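Here is a short briefing for a first look. Keep the sequence and the 3D view open as you read.

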Amino acid sequence: MPASPSTARAINDRLALRLLQQEGPLTAGQLKQLTGLSRPTVADLVERLTVSGLIEVAGESGEQRRGPNAKLYGIVAGRAHLAALDVRTEGVAVLVSDLLGRVLAEASVPIGDDTGTGPAVEQAVSLVERAAKEAGAVRLHTVGIGAPGLIDPAGGELRDSTGLPEWHRRLMAALQEKFPEARIGVENETNLAALAEQRDGAARDRDTFVLLWLGLGIGAAIVLDGTLRRGVSGGAGEIGFLPVPGTSGLPSATDCDGGFHSVAGAAAVTALAAEHGVTAPPDEPERHAAALVRDAVRRSGTDPAAARFLDALADRVALGAAAVVSVLDPGCVVLAGEVGRAGADALATRVQHRLTRMSPLATEVRPSTLGGGAVLRGALLTARDRAQDALFAPPER
(Lines give C-alpha, C1' and ligand atoms only; values in the text may rest on other atoms or scores of the structure.)
Protein backbone atom coordinates (compact mmCIF):
# COMPACT_ATOMS: atom_id res chain seq x y z
CA MET A 1 0.00 0.00 0.00
CA PRO A 2 1.28 3.51 -0.76
CA ALA A 3 2.20 5.61 2.25
CA SER A 4 -0.27 8.24 3.39
CA PRO A 5 0.83 11.87 2.97
CA SER A 6 1.56 12.20 6.71
CA THR A 7 3.60 8.97 6.73
CA ALA A 8 5.53 10.06 3.66
CA ARG A 9 6.31 13.40 5.30
CA ALA A 10 7.54 11.62 8.45
CA ILE A 11 9.78 9.32 6.40
CA ASN A 12 11.22 12.25 4.46
CA ASP A 13 11.82 14.24 7.63
CA ARG A 14 13.72 11.38 9.31
CA LEU A 15 15.79 10.84 6.18
CA ALA A 16 16.78 14.50 6.05
CA LEU A 17 17.57 14.61 9.76
CA ARG A 18 19.76 11.50 9.55
CA LEU A 19 21.67 13.04 6.65
CA LEU A 20 22.20 16.26 8.60
CA GLN A 21 23.42 14.23 11.57
CA GLN A 22 25.88 12.25 9.45
CA GLU A 23 27.05 14.91 7.02
CA GLY A 24 26.72 18.12 9.01
CA PRO A 25 25.00 21.28 7.68
CA LEU A 26 23.64 20.98 4.12
CA THR A 27 21.91 23.28 1.66
CA ALA A 28 18.44 22.55 0.33
CA GLY A 29 20.06 21.66 -2.98
CA GLN A 30 22.38 19.15 -1.30
CA LEU A 31 19.44 17.62 0.54
CA LYS A 32 17.61 17.30 -2.78
CA GLN A 33 20.60 15.55 -4.32
CA LEU A 34 21.20 13.18 -1.40
CA THR A 35 17.55 12.27 -0.80
CA GLY A 36 16.36 12.15 -4.40
CA LEU A 37 13.29 14.17 -3.40
CA SER A 38 11.82 16.94 -5.52
CA ARG A 39 12.71 20.57 -4.89
CA PRO A 40 9.20 21.46 -3.57
CA THR A 41 9.24 18.45 -1.23
CA VAL A 42 12.64 19.46 0.16
CA ALA A 43 11.50 23.06 0.61
CA ASP A 44 8.43 21.81 2.45
CA LEU A 45 10.39 19.58 4.85
CA VAL A 46 12.99 22.29 5.52
CA GLU A 47 10.23 24.70 6.51
CA ARG A 48 8.49 22.04 8.60
CA LEU A 49 11.67 21.04 10.49
CA THR A 50 12.63 24.68 11.04
CA VAL A 51 9.25 25.54 12.52
CA SER A 52 9.45 22.47 14.79
CA GLY A 53 12.78 23.69 16.17
CA LEU A 54 14.79 20.69 14.95
CA ILE A 55 16.92 22.48 12.36
CA GLU A 56 18.17 26.04 11.89
CA VAL A 57 20.20 28.09 9.44
CA ALA A 58 23.84 27.37 10.25
CA GLY A 59 25.50 29.66 7.68
CA GLU A 60 25.91 29.90 3.90
CA SER A 61 27.55 27.52 1.47
CA GLY A 62 29.93 30.11 -0.03
CA GLU A 63 30.69 33.79 -0.10
CA GLN A 64 29.96 34.01 -3.83
CA ARG A 65 26.41 32.66 -3.50
CA ARG A 66 23.39 34.38 -2.08
CA GLY A 67 19.71 33.58 -1.74
CA PRO A 68 17.72 30.75 -0.16
CA ASN A 69 19.58 27.99 -2.01
CA ALA A 70 22.87 29.06 -0.38
CA LYS A 71 21.64 28.64 3.18
CA LEU A 72 23.16 25.79 5.18
CA TYR A 73 20.75 23.98 7.47
CA GLY A 74 21.92 22.07 10.54
CA ILE A 75 20.39 20.23 13.47
CA VAL A 76 19.74 22.41 16.53
CA ALA A 77 22.38 20.85 18.78
CA GLY A 78 21.05 22.50 21.94
CA ARG A 79 17.59 20.99 21.48
CA ALA A 80 18.55 18.24 23.95
CA HIS A 81 21.36 17.46 26.40
CA LEU A 82 22.62 13.94 26.96
CA ALA A 83 24.69 12.26 29.68
CA ALA A 84 26.88 9.17 29.45
CA LEU A 85 28.21 7.28 32.48
CA ASP A 86 30.94 4.67 32.85
CA VAL A 87 30.23 2.93 36.16
CA ARG A 88 33.10 0.90 37.61
CA THR A 89 33.57 -0.88 40.92
CA GLU A 90 35.96 1.87 41.99
CA GLY A 91 34.17 4.97 40.71
CA VAL A 92 32.14 6.76 38.04
CA ALA A 93 33.03 8.86 35.00
CA VAL A 94 30.46 11.06 33.26
CA LEU A 95 30.24 13.33 30.27
CA VAL A 96 27.44 15.62 29.09
CA SER A 97 26.92 16.46 25.42
CA ASP A 98 24.53 18.19 23.07
CA LEU A 99 22.24 16.39 20.62
CA LEU A 100 25.04 16.01 18.08
CA GLY A 101 27.30 14.33 20.63
CA ARG A 102 29.69 17.26 21.17
CA VAL A 103 31.09 16.93 24.69
CA LEU A 104 30.33 19.96 26.86
CA ALA A 105 31.51 18.72 30.27
CA GLU A 106 33.40 15.76 31.75
CA ALA A 107 34.01 14.65 35.32
CA SER A 108 34.80 11.61 37.44
CA VAL A 109 34.79 10.60 41.09
CA PRO A 110 36.46 7.67 42.89
CA ILE A 111 34.24 5.57 45.14
CA GLY A 112 36.09 3.38 47.63
CA ASP A 113 35.18 -0.19 48.58
CA ASP A 114 34.37 0.98 52.11
CA THR A 115 31.79 3.54 50.92
CA GLY A 116 28.24 2.63 51.89
CA THR A 117 25.53 2.11 49.29
CA GLY A 118 23.67 5.34 50.08
CA PRO A 119 26.73 7.62 50.09
CA ALA A 120 28.07 5.97 46.92
CA VAL A 121 24.80 6.60 45.06
CA GLU A 122 24.71 10.17 46.34
CA GLN A 123 28.27 10.82 45.12
CA ALA A 124 27.46 9.47 41.66
CA VAL A 125 24.23 11.44 41.29
CA SER A 126 25.91 14.63 42.50
CA LEU A 127 28.64 14.12 39.92
CA VAL A 128 26.04 13.99 37.13
CA GLU A 129 24.30 17.09 38.51
CA ARG A 130 27.55 19.06 38.56
CA ALA A 131 28.50 18.00 35.04
CA ALA A 132 25.04 18.93 33.73
CA LYS A 133 25.28 22.34 35.39
CA GLU A 134 28.75 22.93 33.93
CA ALA A 135 27.41 22.02 30.48
CA GLY A 136 24.56 24.52 30.85
CA ALA A 137 21.94 21.79 30.66
CA VAL A 138 18.64 22.85 32.20
CA ARG A 139 17.52 19.23 32.00
CA LEU A 140 18.82 15.94 30.63
CA HIS A 141 16.88 14.36 27.79
CA THR A 142 18.60 10.94 27.73
CA VAL A 143 21.16 9.19 29.95
CA GLY A 144 23.21 6.18 28.85
CA ILE A 145 24.95 4.07 31.49
CA GLY A 146 27.66 1.46 31.02
CA ALA A 147 28.22 -0.97 33.89
CA PRO A 148 29.70 -4.44 34.47
CA GLY A 149 27.26 -7.31 34.94
CA LEU A 150 24.15 -8.72 33.32
CA ILE A 151 21.30 -6.56 32.06
CA ASP A 152 17.79 -7.98 32.37
CA PRO A 153 16.46 -8.10 28.78
CA ALA A 154 12.86 -7.75 29.96
CA GLY A 155 13.15 -4.76 32.28
CA GLY A 156 16.45 -3.31 31.10
CA GLU A 157 17.79 -3.24 34.66
CA LEU A 158 21.15 -4.31 36.04
CA ARG A 159 20.76 -7.74 37.61
CA ASP A 160 22.14 -8.65 41.02
CA SER A 161 25.60 -10.13 40.43
CA THR A 162 28.09 -11.63 42.86
CA GLY A 163 31.08 -9.39 43.45
CA LEU A 164 29.53 -6.15 42.19
CA PRO A 165 28.64 -3.29 44.56
CA GLU A 166 25.00 -2.83 45.52
CA TRP A 167 25.17 0.86 44.63
CA HIS A 168 25.44 -0.04 40.95
CA ARG A 169 21.90 -1.41 40.97
CA ARG A 170 20.53 1.51 43.00
CA LEU A 171 22.06 4.18 40.77
CA MET A 172 19.61 3.92 37.88
CA ALA A 173 16.57 4.48 40.11
CA ALA A 174 18.30 7.36 41.89
CA LEU A 175 19.12 9.07 38.60
CA GLN A 176 15.52 8.63 37.42
CA GLU A 177 14.30 10.26 40.62
CA LYS A 178 16.72 13.17 40.24
CA PHE A 179 16.02 13.60 36.50
CA PRO A 180 12.39 12.48 36.16
CA GLU A 181 12.02 13.67 32.55
CA ALA A 182 15.11 11.85 31.32
CA ARG A 183 15.14 8.59 29.39
CA ILE A 184 17.62 6.42 31.27
CA GLY A 185 19.10 3.17 29.96
CA VAL A 186 21.85 0.84 31.15
CA GLU A 187 23.98 -1.52 29.07
CA ASN A 188 26.83 -3.91 29.80
CA GLU A 189 30.14 -2.07 29.54
CA THR A 190 31.70 -4.58 27.14
CA ASN A 191 28.72 -4.29 24.80
CA LEU A 192 29.06 -0.51 24.79
CA ALA A 193 32.78 -0.74 24.04
CA ALA A 194 31.94 -2.97 21.06
CA LEU A 195 29.34 -0.51 19.76
CA ALA A 196 31.91 2.29 20.00
CA GLU A 197 34.57 0.24 18.20
CA GLN A 198 32.00 -0.63 15.51
CA ARG A 199 31.03 3.01 14.96
CA ASP A 200 34.32 4.85 15.51
CA GLY A 201 37.10 2.40 16.27
CA ALA A 202 38.89 -0.80 15.30
CA ALA A 203 35.83 -2.49 13.76
CA ARG A 204 34.56 0.33 11.54
CA ASP A 205 34.88 -1.86 8.46
CA ARG A 206 33.29 -4.94 10.06
CA ASP A 207 29.63 -5.81 10.49
CA THR A 208 30.53 -9.08 12.25
CA PHE A 209 33.17 -9.27 14.99
CA VAL A 210 33.77 -10.16 18.63
CA LEU A 211 35.26 -7.79 21.18
CA LEU A 212 37.26 -9.57 23.87
CA TRP A 213 37.50 -7.55 27.08
CA LEU A 214 40.69 -8.22 29.05
CA GLY A 215 40.83 -6.41 32.36
CA LEU A 216 39.99 -6.94 36.00
CA GLY A 217 37.32 -9.31 34.70
CA ILE A 218 36.91 -11.05 31.37
CA GLY A 219 34.05 -10.59 28.93
CA ALA A 220 33.10 -10.59 25.28
CA ALA A 221 30.67 -8.66 23.11
CA ILE A 222 29.20 -10.23 19.99
CA VAL A 223 28.19 -8.24 16.90
CA LEU A 224 26.68 -10.31 14.08
CA ASP A 225 25.54 -8.78 10.80
CA GLY A 226 25.76 -5.34 12.32
CA THR A 227 23.62 -6.16 15.36
CA LEU A 228 24.73 -6.54 18.97
CA ARG A 229 23.64 -9.94 20.29
CA ARG A 230 22.81 -10.06 24.01
CA GLY A 231 21.38 -13.56 24.39
CA VAL A 232 18.12 -14.72 25.98
CA SER A 233 19.16 -13.74 29.51
CA GLY A 234 21.48 -10.89 28.57
CA GLY A 235 24.51 -13.07 29.24
CA ALA A 236 25.96 -13.60 25.75
CA GLY A 237 29.71 -13.13 26.02
CA GLU A 238 30.15 -14.16 29.68
CA ILE A 239 33.36 -15.82 28.58
CA GLY A 240 34.97 -15.60 32.00
CA PHE A 241 32.99 -18.75 32.87
CA LEU A 242 34.33 -20.66 29.85
CA PRO A 243 36.08 -23.89 30.97
CA VAL A 244 39.64 -23.92 29.61
CA PRO A 245 42.71 -26.13 30.17
CA GLY A 246 45.32 -24.99 32.65
CA THR A 247 43.06 -24.35 35.65
CA SER A 248 42.78 -26.30 38.89
CA GLY A 249 39.02 -26.79 38.69
CA LEU A 250 35.84 -25.79 36.93
CA PRO A 251 33.74 -22.62 37.20
CA SER A 252 30.36 -22.66 38.91
CA ALA A 253 27.12 -20.79 38.38
CA THR A 254 28.20 -18.22 40.96
CA ASP A 255 31.99 -18.15 40.57
CA CYS A 256 34.10 -17.97 37.41
CA ASP A 257 37.24 -19.25 39.19
CA GLY A 258 38.36 -22.23 37.16
CA GLY A 259 37.18 -20.64 33.93
CA PHE A 260 38.89 -18.41 31.37
CA HIS A 261 38.92 -15.63 33.97
CA SER A 262 41.40 -17.67 36.04
CA VAL A 263 44.02 -17.63 33.29
CA ALA A 264 43.45 -14.24 31.64
CA GLY A 265 42.01 -11.90 34.29
CA ALA A 266 44.14 -9.15 35.82
CA ALA A 267 45.24 -11.23 38.81
CA ALA A 268 46.33 -14.08 36.54
CA VAL A 269 48.23 -11.68 34.28
CA THR A 270 50.06 -10.24 37.29
CA ALA A 271 51.02 -13.71 38.52
CA LEU A 272 52.18 -14.72 35.03
CA ALA A 273 54.38 -11.61 34.82
CA ALA A 274 55.97 -12.48 38.16
CA GLU A 275 56.79 -15.97 36.86
CA HIS A 276 58.73 -14.36 34.03
CA GLY A 277 60.42 -11.73 36.14
CA VAL A 278 58.47 -8.82 34.67
CA THR A 279 57.76 -6.09 37.23
CA ALA A 280 56.02 -2.72 37.45
CA PRO A 281 55.13 -0.39 40.35
CA PRO A 282 52.12 -1.80 42.24
CA ASP A 283 48.74 -0.17 41.65
CA GLU A 284 45.08 -1.16 41.46
CA PRO A 285 44.85 -4.75 40.09
CA GLU A 286 43.58 -3.84 36.62
CA ARG A 287 46.00 -0.94 36.16
CA HIS A 288 48.90 -2.97 37.56
CA ALA A 289 48.30 -5.80 35.10
CA ALA A 290 48.10 -3.29 32.25
CA ALA A 291 51.32 -1.60 33.35
CA LEU A 292 53.09 -4.97 33.35
CA VAL A 293 51.91 -5.73 29.83
CA ARG A 294 52.69 -2.24 28.55
CA ASP A 295 56.22 -2.38 29.96
CA ALA A 296 56.76 -5.85 28.48
CA VAL A 297 55.68 -4.58 25.06
CA ARG A 298 58.15 -1.71 25.34
CA ARG A 299 61.03 -4.01 26.28
CA SER A 300 60.13 -7.10 24.24
CA GLY A 301 62.55 -6.29 21.41
CA THR A 302 65.57 -6.34 23.71
CA ASP A 303 64.46 -8.33 26.78
CA PRO A 304 63.86 -12.07 26.20
CA ALA A 305 61.97 -12.39 29.51
CA ALA A 306 59.48 -9.70 28.46
CA ALA A 307 58.97 -11.39 25.08
CA ARG A 308 58.40 -14.77 26.76
CA PHE A 309 55.82 -13.20 29.08
CA LEU A 310 53.90 -11.79 26.09
CA ASP A 311 54.12 -15.17 24.35
CA ALA A 312 52.70 -16.92 27.41
CA LEU A 313 49.93 -14.35 27.76
CA ALA A 314 49.03 -14.75 24.09
CA ASP A 315 48.84 -18.53 24.62
CA ARG A 316 46.21 -17.93 27.32
CA VAL A 317 44.22 -15.29 25.46
CA ALA A 318 44.11 -17.53 22.39
CA LEU A 319 42.32 -20.24 24.42
CA GLY A 320 39.27 -18.06 24.90
CA ALA A 321 39.50 -16.47 21.46
CA ALA A 322 39.67 -19.89 19.78
CA ALA A 323 36.51 -21.04 21.54
CA VAL A 324 34.65 -17.93 20.34
CA VAL A 325 35.98 -18.30 16.81
CA SER A 326 35.03 -21.98 16.58
CA VAL A 327 31.40 -21.22 17.49
CA LEU A 328 30.80 -17.85 15.81
CA ASP A 329 33.36 -17.56 13.01
CA PRO A 330 33.38 -13.74 13.37
CA GLY A 331 36.38 -13.13 11.13
CA CYS A 332 37.66 -10.44 13.50
CA VAL A 333 38.46 -10.27 17.22
CA VAL A 334 39.15 -6.91 18.89
CA LEU A 335 41.25 -6.97 22.07
CA ALA A 336 39.98 -4.32 24.49
CA GLY A 337 39.99 -3.62 28.23
CA GLU A 338 43.03 -2.35 30.11
CA VAL A 339 45.18 -5.38 29.32
CA GLY A 340 44.06 -5.66 25.70
CA ARG A 341 44.85 -2.00 25.06
CA ALA A 342 48.21 -2.26 26.82
CA GLY A 343 49.18 -5.25 24.68
CA ALA A 344 48.39 -3.27 21.52
CA ASP A 345 49.68 -4.70 18.23
CA ALA A 346 52.33 -6.83 19.95
CA LEU A 347 49.74 -8.92 21.79
CA ALA A 348 47.19 -8.90 18.96
CA THR A 349 49.76 -10.21 16.47
CA ARG A 350 50.81 -13.00 18.82
CA VAL A 351 47.19 -14.04 19.43
CA GLN A 352 46.46 -14.04 15.71
CA HIS A 353 49.44 -16.31 15.00
CA ARG A 354 48.18 -18.79 17.58
CA LEU A 355 44.63 -18.71 16.21
CA THR A 356 45.99 -19.41 12.75
CA ARG A 357 47.59 -22.59 14.09
CA MET A 358 44.57 -23.60 16.21
CA SER A 359 41.66 -22.93 13.85
CA PRO A 360 40.95 -23.33 10.14
CA LEU A 361 38.75 -20.21 10.29
CA ALA A 362 40.58 -17.10 9.13
CA THR A 363 40.44 -14.52 11.92
CA GLU A 364 42.03 -11.09 12.15
CA VAL A 365 42.96 -9.93 15.64
CA ARG A 366 43.08 -6.18 16.22
CA PRO A 367 43.77 -4.02 19.29
CA SER A 368 41.21 -1.44 20.41
CA THR A 369 41.79 2.02 18.97
CA LEU A 370 39.54 3.98 21.35
CA GLY A 371 41.63 3.75 24.50
CA GLY A 372 40.06 3.98 27.93
CA GLY A 373 37.10 6.02 26.71
CA ALA A 374 35.40 3.25 24.74
CA VAL A 375 32.66 2.58 27.30
CA LEU A 376 31.82 6.27 27.70
CA ARG A 377 31.85 6.68 23.93
CA GLY A 378 29.49 3.73 23.53
CA ALA A 379 27.18 5.07 26.24
CA LEU A 380 27.08 8.47 24.51
CA LEU A 381 26.37 6.92 21.10
CA THR A 382 23.44 4.90 22.47
CA ALA A 383 22.07 7.92 24.35
CA ARG A 384 22.33 10.04 21.22
CA ASP A 385 20.58 7.42 19.11
CA ARG A 386 17.74 7.11 21.62
CA ALA A 387 17.34 10.87 21.88
CA GLN A 388 17.28 11.36 18.14
CA ASP A 389 14.83 8.50 17.68
CA ALA A 390 12.49 10.24 20.12
CA LEU A 391 12.94 13.76 18.78
CA PHE A 392 12.91 12.81 15.11
CA ALA A 393 9.78 10.66 15.43
CA PRO A 394 6.59 12.02 13.86
CA PRO A 395 4.23 13.68 16.36
CA GLU A 396 1.57 11.41 17.83
CA ARG A 397 -1.96 12.07 16.62
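Which residue in strand 13 does Val334 stand opposite? Val334 faces Arg366. This is a predicted model.

**Strands 12 and 13**
- Strand 12 covers residues 332–336, and strand 13 covers residues 364–367.
- The two run parallel and are joined by 4 bridges.
- Together with helix 11 (residues 337–358), they make a right-handed β-α-β unit.

- Five strands form an open sheet in the order 6-5-4-7-8, and their pairing is mixed.
- Strand 6 (103–110) and strand 8 (183–188) each have a single partner strand, so one side of each lacks a neighbour in the sheet.
- From one strand to the next, the twist averages 15°.
- Strand 5 (residues 91–97) runs antiparallel to strand 6, with 7 bridges between them.
- Ala93 has Ser108 in strand 6 as its bridge partner.
- Helix 6 (residues 189–200) packs on this sheet, touching strand 4 (82–88), strand 7 (142–147) and strand 8.
- The direction of helix 6 makes about 95° with that of strand 8.

**Helix 1**
- Helix 1 spans residues 5–23, which is 19 residues.
- From first C-alpha to last, helix 1 reaches 27 Å, close to the 27 Å expected at 1.5 Å a residue.
- Its buried residues include Ala10, Asn12, Asp13 and Leu17.
- The buried residues of helix 1 pack against several elements, among them helix 2 (28–35), helix 3 (39–51) and helix 12 (374–392).
- Gly24 follows helix 1 and has a positive phi, near 90°.

Definitions and conventions
Residues are numbered from 1 along each chain as its sequence is written. This is a predicted model: local features need pLDDT of at least 70, side-chain atom pairs count only at pLDDT 80 or more; totals for chains, interfaces and linings use all residues. Side-chain values use heavy atoms; hydrogens and water are left out. Two strands pair if DSSP finds at least two bridges between them. Axes are lines fitted to C-alpha atoms, for helices over the stretch in contact, and angles run from 0 to 180 degrees between N-to-C directions. Contact means heavy atoms within 4.5 Å. A crossover is right-handed if, with the strands pointing away from the viewer, the path from the first strand over the helix to the second runs clockwise. The expected span of a helix is 1.5 Å times one less than its number of residues. Buried means under 20% relative accessible area, exposed over 50%, partly exposed in between (1.4 Å probe, protein chains only).
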